[in-house]
Amino acid sequence: MSTQTVHRTPSVGVTSKSTRDIETDILIVPVFEDDVLAEEAELDAASGGEIAGARTRGEFKGKDYEAFIPPVRGWKAGRVALVGMGRRRDFGLDCLRRAAATGALAARQRRLQRMAIVHGAGIPVSAPDAAQVLAEGAVLGNFDGASYKTTDPPPVWLEDVQLRIEGDPGTVQQAVDRGRVLGECTNIARELANEPSNALTPRVFADRAATIARGAGLSVDALDETRIAELRMGLLLGVARGSQEPPRLVVLQYDPKPAARTPVLGLVGKGITFDSGGISIKPAENMDKMKDDMSGGAAVLAGMVAIARLQAPVRCIGVIPMTENMPGGRALKPGDVLVSAEGKTVEVLNTDAEGRLTLGDACWYARQLGATHLVDVATLTGACVVALGRTTTGLFGTPDAWVEQVRRVGERAGDRLWRMPVFDDYKELFKSEIADVANTGGRAGGAITAALFIKEFTGDLPWAHLDIAGTAWAEEAKPYQPKGATGVAVRTLAELALAVDAWATL
Ligand code: BES
Ligand code: MN
Ligand code: ZN
């Protein structure tokens with residue numbers, strides 16, 4: 001584990017005080033670029049016209065996540081910071097979430113521990129939605145990348161966050177609590193994904209997953225290599241062969257008592273703690289990044305924790321295959337044929353296409369355990385990064401209605417998802433000469449053939465696949481997010497379970 005704590009969840013409360021009376025170290029006011037909200041006008045008066053002046057001078061424009069701290073007299077808050085959200089017509093829920101995270105990071109940079117956010121009544125969003133995403137953002141801002149620096153001063157954490165939102169106090173506080181859990185669970189996934197692979201081996205990942213999951217009341221089964229072999233998971237075992245570290249398969253179950261027997265949401269996450277490529281070894285440049293190849297597994301773990309803590313009204317199963325992908329004397333070799341737990345045979349043309357192998361056995365196991373609907377999350381292909389870049393996750397699957405459902409909750413969760421095709425035509429690209437399928441389909445359409453390979457193991461259940469290869473890791477810091485693991489997909493998975501009424505009959 002890193003030498004310092006990397007996140008802490010502040011208390012988040014709701015206040016109905018007038019803005020001038022909120023006692024806090026820093027009061028955050030989200031504003032638009034092209035529209036002056038009532039709250040900004042009030043603040044402008046209290047600053048003697050400083051804000052209007054800064055706007056005319058161009059010192060502050062209200063562009064995305066730009067912060068401005070005007071001098072304000074006669075207010076109880078120690079400081080007031082405007083945070084820009086861009087133009088009103090481009091507004092979406094995520095703008096508020098990011099403004100809150102920006103505020104939190106700005107507060108901590110100034111070593112302040114109490115923050116309040118004023119939600120403008122003129123922002124086009126419901127009170128509970130605003131409450132949820134502001135709480136999420138504030139908690140997301142209370143996160144640092146893992147640090148093993150022995151010289152770092154201890155980080156400053158926000159202790160107390162107050163939100164001023166008009167609306168029914170009970171409903172608003174409930175939404176705040178939901179947002180707080182979703183923010184905290186996103187941070188749990190980020191913390192794990194930032195860990196170096198020598199600290200987070202498959203065994204350590206399994207132990208930490210079990211501890212975290214039990215803490216949330218989930219039932220946990222952490223299968224070791226013997227039990228994985230008893231289940232004849234030839235694909236997972238094949239990938240693990242090259243490593244000195246034994247594999248694990250972590251199974252999490254959430255069984256809320258009043259919930260119906262079906263549907264059962266099956267969540268499957270890629271848990272490669274380090275991907276060297278195996279015998280088809282990767283180039284040295286950027287290989288260090290492959291410690292985050294377990295981000296999908298971390299998202300499934302943290303998503304399941306959120307689902308349990310929020311008591312989502314649906315049964316859920318999480319399956320996380322964990323292994324390293326290493327070259328070694330006994331490693332999988334190109335041309336080898338593996339037999340999956342389901343009995344399908346796979347010719348391994350490239351040992352670097354390991355994620356889909358482990359997910360094949362894991363999807364089969366989720367079905368064995370009773371899943372009726374599947375979602376898998378994986379840092380699966382460089383091809384997806386080429387197609388969509390580093391801000392958008394590739395969304396694949398069938399049938400349309402199920403995939404659309406995932407897309408909708410993803411939008412709400414602030415995970416940018418974009419649908420990709422899964423036409424059967426692509427299947428001929430990964431035909432094998434000697435086995436049922438091959439594990440690669442060449443460069444063209446690489447993200448799609450990878451998705452369709454996984455589909456082979458979904459038994460035609462409704463299935464959605466999130467390729468987070470581009471989105472799991474932020475290459476540079478943003479005002480609302482430090483460099484490193486992003487925690488992508490955690491909130492999407494939780495929102496999907498919370499929205500079960502919308503998809504139970506699909
Ligand atoms: N973990 C990688 C995918 C990846 C690449 C994630 C870049 C993040 C950034 C995956 O296991 C992989 O190596 N995929 C290969 C597949 C190929 C051999 C068919 C790839 O994308 O090159
Ligand atoms: Mn690989
Ligand atoms: Zn990989």
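Buried means under 20% relative accessible area, exposed means over 50%, and partly exposed lies in between (1.4 Å probe, protein chains only). This is a predicted model, in which local features need pLDDT of at least 70, side-chain atom pairs count only at pLDDT 80 or more, and totals for chains, interfaces and linings use all residues. Residues are numbered from 1 along each chain as its sequence is written, chains are lettered from A and ligands numbered from 1 in the order in which they are written, and side-chain values use heavy atoms, with hydrogens and water left out.

Start with the metals. Donors here are N, O and S atoms within 2.8 Å of the metal (3.2 Å for Na, K and Ca); water is not among the atoms, so sites may look incomplete. Asp275 (OD), Asp352 (O), Asp352 (OD) and Glu354 (OE) coordinate the manganese ion (ligand 2), at 2.1 to 2.2 Å. Along the chain, these donors follow the spacing D-x76-D-x1-E.

Geometry has its own cut-offs. Four donors count as tetrahedral if all angles lie between 85 and 135 degrees; four count as square planar and six as octahedral if opposite donors are over 155 degrees apart and all others between 65 and 115; anything else is irregular. The six donor atoms of the manganese ion (ligand 2) make angles of 69 to 168°, and the site is irregular. Helices (H or I, at least four residues) and strands (E, at least two) are DSSP runs, numbered from the N terminus. Aspartate 275 lies in strand β10 (residues 271-275), and aspartate 352 in the loop between β13 (345-347) and α10 (355-368), so the pair ties together parts that are 77 residues apart in sequence. Aspartate 275 is buried, at 3% relative accessibility. Aspartate 352 is partly exposed, at 22% relative accessible area.

Aspartate 275 bridges the zinc ion (ligand 3) and the manganese ion (ligand 2), which lie 3.2 Å apart. Aspartate 275 in strand β10 and aspartate 293 in the loop between β10 and α9 (295-309) are 18 residues apart, and the pair links distant parts of the chain. Aspartate 293 is buried, at 2% relative accessibility.

Turn to the rings. A pair of aromatic rings is described by the distance of the centres and the angle of the planes. Rings of Phe, Tyr and Trp (its six-membered ring) pair if their centres lie within 6.5 Å; planes under 30 degrees apart count as stacked, over 60 as edge-to-face and the rest as tilted. The count comes to seven aromatic pairs. Phenylalanine 60 and phenylalanine 68 have ring centres 5.4 Å apart and planes at 20°, so this pair is stacked. Both of these residues, phenylalanine 60 and phenylalanine 68, are buried. Phenylalanine 453 and phenylalanine 457 have ring centres 5.4 Å apart and planes at 45°, so that pair is tilted. Phenylalanine 453 and phenylalanine 457 are buried. Phe430, Phe453 and Phe457 form one aromatic cluster.

Charges meet rings too. A charge sits over a ring if NZ of Lys or CZ of Arg is within 6 Å of the ring centre and within 35 degrees of the ring normal. The charged end of lysine 344 sits over the ring of phenylalanine 457, 5.7 Å from its centre. Arginine 190 lies over the face of phenylalanine 143, at 4.4 Å from the ring centre.

Next, a sheet. Two strands pair if DSSP finds at least two bridges between them. Three strands form an open sheet in the order β12-β13-β17, with mixed pairing. Its edge strands, β12 (337-339) and β17 (437-438), each pair on one side only. Between β12 and β13 the pairing is antiparallel, over three bridges. Valine 339 stands opposite threonine 345 in β13.

The backbone comes last. Most residues other than glycine have a negative phi, and most peptide bonds are trans. A cis peptide bond joins threonine 262 and proline 263, with omega about 0°. Another cis bond joins threonine 398 and proline 399, with omega about -10°. Tyrosine 65 has a positive phi, near 60°, and is buried, at 11% relative accessible area. Arginine 232 also has a phi near 60°, but is exposed, at 64% relative accessibility.
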